[in-house]
Each structure stands twice: as structure tokens, then as C-alpha cells.
Amino acid sequence: MSSANVRVPAKINLCLGVGPVREDGYHPLATVYQAVDLHDEVRATLRDDDEITVAVHTELDALSEIAIVPENSDNLAVRAALLLRERTGTLLGVDLAIRKVIPVAGGMAGGSADAAAALVACNEAWGTGLSRAALEQLASQLGSDVPFLLHGGNAVGGGRGETISPVLARGSYNWVFATAHEGLSTAAVYAEFDRLNAGTEVAHPTVPDALLAALRAGDADALGAALSNDLTEAALSLRPELADTLAVGIEAGALGAILSGSGPTALFLASDEQHSLDIAFALTSASDCADVIQSRGPVTGARLI
Ligand code: ATP
């Protein structure tokens, strides 16, 4: 039986500039993605009929409805398999098994990660032989973050996030993530962004020069100071208590503290491994977060293992 196993990272946004809502309902973004060492795995096993099934294995607590990962065709990994089948004309079926470690509805693009992994895994298990470039093209149809999760590393994201371009970067960074007890819907956070900005002119987003310079230099202090997220106000408006979590990390000396994407996961930059332990300890003892995770980035994107 032919099967393929793919490991895929979570993403964080080092900056997230959000522009005025477009006619198609999306917001233009100017972001810098970094792939981090927190991985899901997707195994694709060839079936002898044309069914596509999905099973999710996780030790994460699904504490809110929005954090439940669907085990049907709503799962983004299944949508990826269906799209690949449509594109290649194969009639083969597949069993997808997801090992989920990336927090769900946490602003770390776990669903998009599984979609990227499913593209690579099914392409291998089905022997459909699409090139990486062809997979990237399918990825952009599946979601804004999916192309980056194939790619990994660091990259600038434009359009609605799906247009990625390389960024000159050096260094490896120590991160601490504080997950929340309840997920936040990305759509709800963008709706709140629109509500808060109604009647004001939202500027076209750009990536801050200071952030690009910090990455080029591999300067963690400068990177910490340059982290930014235009969705902060909207996410805090929906979840005011996240401000306390951010404050605990800053108090513990984090070089920078922001929400990850649309939240509610908070991320903190540490200067080294020991500092990351200190921040993790402070968050565990003084904040009301669900879990504290130490991680590093950048790492590569979806890869066969
Ligand atoms: P993003 O950072 O891309 O905005 P997120 O990290 O906040 O997204 P996800 O974990 O990707 O959120 O999940 C968002 C929603 O997608 C959840 O409500 C979940 O029910 C649904 N979903 C569908 N497929 C998956 C999947 N494979 N893994 C996780 N969630 C999935």
C-alpha cells in the first residue's frame, strides 16, 4: 500500500499590516511570515476505491466549538485532496490521518498547514507528480496562508497573504507562545477590525523597513522592537483579557510581544534559550493562558518524512 507522511510547521506573522476591505471581501495584507518549530503531520494512504476520508488525532483540548477540527469534507486537508484530484484528473482515493499539534483557531494557520501537507502527501501517494510550483498555484486557491506553509522559512506576504516573495534574513529566533482557553474566529476578528475602522480611512499596508532591516541583520532586539500587528485592537476588543497575557511577557523582559495573526495566541521573542524559559515560567505562573510553548524559527515548510 502506498503512503506518504508530511510534516508541516505553524506560521507566525512578524508584522501584519491590514488594509481597507476589498470588493471581494478580503483585506489586502502586508506581512512577514516566519515558519516555526511546531508541527502537524499528515499521512496520506492510498485506498483501493475513490473515497477520501480524514481522521484527526490530537492531545489538544477542543475547549470551544470553533476549535473542533472537522472530520469530513470541511477539513482543509480534504479540500486540498479534492482540489489536487480535480487538477490532475486522478480517480484515486485516500485516507488522510492528521496528527494535530498546532493550536486550533489560534492564529497560527493550523488548518492551512494541514492543507499544504495534504497537497504534498497526496501528490506523493497518488504519484500525480505535480511540481512544487504547480502545488503552490493550487495552494493559493485553498487559502491565503497555504502557499507560505509549503514554502516555510521567512517570506513577505502580499495580496491577501497568498503572494509570497523571499526576504533576506539571517539568524534563528527563540519564541514563546501562550495559547488561550478559547479560539478566535479569523472572520470575527476582521469583522471587528471593520467595525472599529468604520468611517476612517484605512491606509494601504506596508512592511516596516525596521523589521526587514532587523531580519537582514539577524538582530533579535531590533526584531522584537519592530514586531507589529494591525489586528491587535480588534482581537483585544473581543478578548480584553489577552492584554494581561501580553503584559506578563513584557514584564518578564520579552524583546517583543504581539498576538499571532488574528489571535488569540500571544507570542513573545526571547534573547536566548534561558530567557525563553524565564518568560515561559512567568506566563505559566502569572497569566491565565491554556498552554505555554517554547519554539524556534525559521524552519522549512511542508516536507515528506
Ligand atoms: P489562521 O491563522 O489561518 O487565520 P487559525 O490558526 O486561527 O487560522 P485554524 O486552526 O486554521 O485557525 O482553524 C480555523 C477553523 O478551520 C477551525 O474553526 C476549524 O474548525 C476549521 N478547520 C478545517 N480544517 C481544519 C484543520 N485541518 N485543522 C484545523 N482547523 C481546521
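What covers the buried residues of H5? Here are my notes, starting there.

1. The cover over the buried residues of H5 includes strand S1 (3–18), strand S2 (29–47) and helix H8 (232–238). Helices (H or I, at least four residues) and strands (E, at least two) are DSSP runs, numbered from the N terminus. Buried means under 20% relative accessible area and exposed over 50%, with partly exposed in between (1.4 Å probe, protein chains only).

2. Please keep in mind that this is a predicted model, where local features need pLDDT of at least 70, side-chain atom pairs count only at pLDDT 80 or more, and totals for chains, interfaces and linings use all residues. Residues are numbered from 1 along each chain as its sequence is written, and side-chain values use heavy atoms, leaving out hydrogens and water.

3. On H5, the buried residues are Val189, Tyr190, Glu192 and Phe193. They lie on the same side of H5, because they cover an arc of only 160° around the axis (taken from the directions from the helix axis to the C-beta atoms). Exposed Ala187 and Arg195 sit on the face turned away from that buried side. Just after H5, Gly199 has a positive phi of about 85°.

4. Now to helix H2, where Asp114 is found. Asp114 counts as buried, because its relative accessibility is 2%. Its side chain makes a polar contact with the side chain of Lys100 (3.3 Å); such a contact is a pair of N or O atoms within 3.5 Å, and within protein one must be able to donate a hydrogen and the other to accept it, while residues adjacent in sequence count only if both atoms are side-chain atoms.

Note on methods:
Contact = heavy atoms within 4.5 Å.
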